[in-house]
Amino acid sequence: MNRTDERGVLVDLGQERPQLPANARNMSPIVPRASIQGRALVAVVAIMTFLASMTTGTVLLVSASAAEWQSDVASEITIQVRPQPGRDLERDTAAVTEAMRAQAGIVEVKPFTREESGKLLEPWLGTGLSMDDLPVPRMIIARVQPGTPLDLGVLRARVTQVAPSASVDDHRAWIERMRSMTNATVLAGLGILALVIVATIISVSFATRGAMAANRPIVEVLHFVGAGDRYIANRFLRHFLRLGLEGGVIGGGAAMLVFGFSESIAGWFSGTPVGDQFAALLGTFSLRPSGYIVLVVQAVLIGAITAVASRQTLFATLNDVD
């Protein structure tokens, strides 16, 4: 006997079977939401997203630090006044300083004293050396106003006119080497990202085939009763898109937490050789807001790649069913 309740029509399946709502068959998904393959895929996508996010964040940090270095170095000119027999080094240094201050576009000129010049050599020669016995050149640092073009040929001629032993360095060679290093770092990061994406696609393909194998009887029944490949594939697509986004959120969120706390973590190693080297290379270890946006977009992209890779694998598997 059939009876109804507030949940809808109940179908009588016999005295030995429980009575189920008529719409219960629509509540069960074609692809089980919780399975070993699904959990494994979430773990793989989370790990891959974490590695990709760490790589991208590191590339962004190096690029930002390199851009700051290049800006700082490009805004300075270094003049070196070497000792020369028959000439007064102090007088030559003062003359070059005045010539640089009279140059248009120069906003600051700082000549190094003999003691300051000696301190520059302490990392190589140690302390306690007598500067009177060494032909230590004097350094002059001139800061250029940003956006001001300078004719270095005219500047060198003016400097050598007042001090023949002086030389002018605009650090172009060092900037070019830094630019090459930055480009190499970016290319290496892109290569690692490509490997991560390829590994993700391979992992998703195997996970999709595993899910199809586990649900092959259901897929065959749907296929032979008239369900199209697109209908079946869309059900799997939603499933793997959800798994991909879940793994992307976990991996990307973990990477953003690492970068968020990186400045505090760097403080633990402050004052140590390793900490100082990393601070000089990566600055404050903190990403800009635009960097976090890039990580979010990357996590969503990996989730989408997971869904697309599963869709292609599904159609290939359904062709085998035919």
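Modeller: In this predicted model, the end C-alpha atoms of residues 240–261 lie 31 Å apart, and the span is 95% helix and 0% strand. For residues 291–309 the end C-alpha atoms are 27 Å apart, with 100% helix and 0% strand.

Colleague: Which residues does UniProt list for "transmembrane region"?

Modeller: The unreviewed UniProt entry lists residues 40–62, 186–207, 240–261 and 291–309 under that heading. An annotation of this sort may be inferred rather than shown by experiment.

Colleague: Why are α2 and α5 called roughly antiparallel?

Modeller: The axes of helix α2 (residues 89–101) and helix α5 (residues 152–162) cross at roughly 150 degrees. Angles over 145 degrees count as roughly antiparallel, and therefore α2 and α5 are given that description. Their axes come within 9 Å, and the crossing is right-handed.

Colleague: What makes the contact between α2 and α5, residue by residue?

Modeller: From α2 come Asp92, Ala95, Val96, Ala99 and Met100; from α5 come Leu155, Arg158, Val159 and Val162. Contact here requires heavy atoms within 4.5 Å. By class, the residues of this contact divide into 7 nonpolar, no polar and 2 charged.

Colleague: Which residues of that contact count as charged?

Modeller: Asp and Arg both belong to the charged class, so Asp92 in α2 and Arg158 in α5 fall there.

Colleague: How do you know that strand β4 pairs with strand β6?

Modeller: Pairing needs at least two bridges, and β4 (residues 76–81) and β6 (residues 138–144) have 6, in the antiparallel sense. One example is Gln80, whose bridge partner in β6 is Met139. Val81 stands opposite Arg138 in β6.

Colleague: And how do you know that β4 pairs with β7?

Modeller: The cut-off of at least two bridges applies again; β4 and β7 (residues 166–169) are joined by 4 bridges, also in the antiparallel sense. Ile79 has Val168 as its bridge partner in β7.

Colleague: In what order do the strands form the open sheet?

Modeller: The 4 strands run β5-β6-β4-β7, with antiparallel pairing.

Colleague: What makes β5 and β7 the edge strands?

Modeller: β5 (106–111) and β7 each pair on one side only. From one strand to the next, the twist averages 20 degrees.

Colleague: Where does α5 touch the sheet?

Modeller: Helix α5 packs on the sheet and touches β4 and β7. The direction of α5 makes about 160 degrees with that of β7. Since that value is over 145 degrees, the two directions count as roughly antiparallel.

Note on methods: Residues numbered from 1 in each chain as written. Predicted model: local features only at pLDDT ≥ 70, side-chain atom pairs only at ≥ 80, totals over all residues. Heavy atoms only, no water. Axes fitted to C-alpha atoms, helices over the stretch in contact; angles between N-to-C directions. Parallel < 35°, antiparallel > 145°, perpendicular 65-115°, else oblique. Left-handed = near helix turned anticlockwise from the far one by under 90°.
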